[in-house]
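Reader: I'm new to reading structures, and I'd like to know how the labels get decided. Can you take me through one?

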Amino acid sequence: MNENSTLRYLGEAYGSVSSNLDHVWAALGSDTAIQIYTLAAALVFAAYAVTFVTRSLQDFASAMRDAFRRA
């Protein structure tokens with residue numbers, strides 16, 4: 001394989017991969033995909049908030065128990 005045919009092969013391979021990825025990038029940037037990303041972010045935030053509130057209440061209840069045991 002000489003240098004010209006190697007470069008031609010690499011150019012064709014790059015063109016093929018690039019054209020296939022264009023569809024993927026278009027799908028990832030579609031309105032539906034962005035709505036899914038937003039929904040996923042909201043669910044992660046909600047799970048974090050529930051965990052934070054639950055742990056805070058557990059810590060508060062534990063502190064109250066300790067305070068009443070000492071009294």
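This is a predicted model: local features need pLDDT of at least 70, side-chain atom pairs count only at pLDDT 80 or more; totals for chains, interfaces and linings use all residues.

Reader: Okay, where does A47 lie?

Author: A47 lies in helix α2. Helices are DSSP runs of H or I with at least four residues, strands are runs of E with at least two, and both are numbered from the N terminus. Residues are numbered from 1 along each chain as its sequence is written, and side-chain values use heavy atoms, with hydrogens and water left out.

Reader: Why is A47 called partly exposed?

Author: Buried means under 20% relative accessible area, exposed means over 50%, and partly exposed is in between (1.4 Å probe, protein chains only). A47 has 44% relative accessibility, so partly exposed it is. A27, in helix α1, gets that label too, at 43%.

Reader: How many helices and strands does the protein have?

Author: It comes to 2 helices and 0 strands.

Reader: Why are Y48 and F52 called a stacked pair?

Author: A pair of aromatic rings is described by the distance of the centres and the angle of the planes. Rings of Phe, Tyr and Trp (its six-membered ring) pair if their centres lie within 6.5 Å; planes under 30 degrees apart count as stacked, over 60 as edge-to-face and the rest as tilted. The structure holds 1 aromatic pair. The centres of the Y48 and F52 rings are 6.4 Å apart and their planes are at 25°, so the pair is stacked. The two residues are 4 apart in helix α2, which means about one helical turn separates them. Y48 has a relative accessible area of 54%, so Y48 is exposed.

Reader: How do you know that R69 forms a salt bridge with D66?

Author: The label needs a side-chain nitrogen of Lys or Arg within 4 Å of a carboxyl oxygen of Asp or Glu. For R69 and D66, the closest N and O atoms are 3.7 Å apart, and this structure holds 1 salt bridge. Being 3 residues apart in helix α2, R69 and D66 are about one helical turn from each other. R69 counts as exposed at 63% relative accessibility, while D66 is partly exposed at 31%.

Reader: Which residues make the nonpolar surface patch?

Author: V17, L21, V24, W25, L28, I34, I36 and Y37 make it, about 770 Å² in all. Patch residues have over 30% relative accessible area and no salt bridge; like charges are joined within 9 Å, nonpolar side chains (Val, Leu, Ile, Met, Phe, Trp, Tyr) within 5 Å. L21, for one, has 38% relative accessibility and counts as partly exposed.

Reader: Which helix gives the most to the nonpolar patch?

Author: That's α1, with 5 residues.

Terms used
Accessible areas come from the Shrake-Rupley method with a 1.4 Å probe; for residues, only the protein chains shown count as cover.
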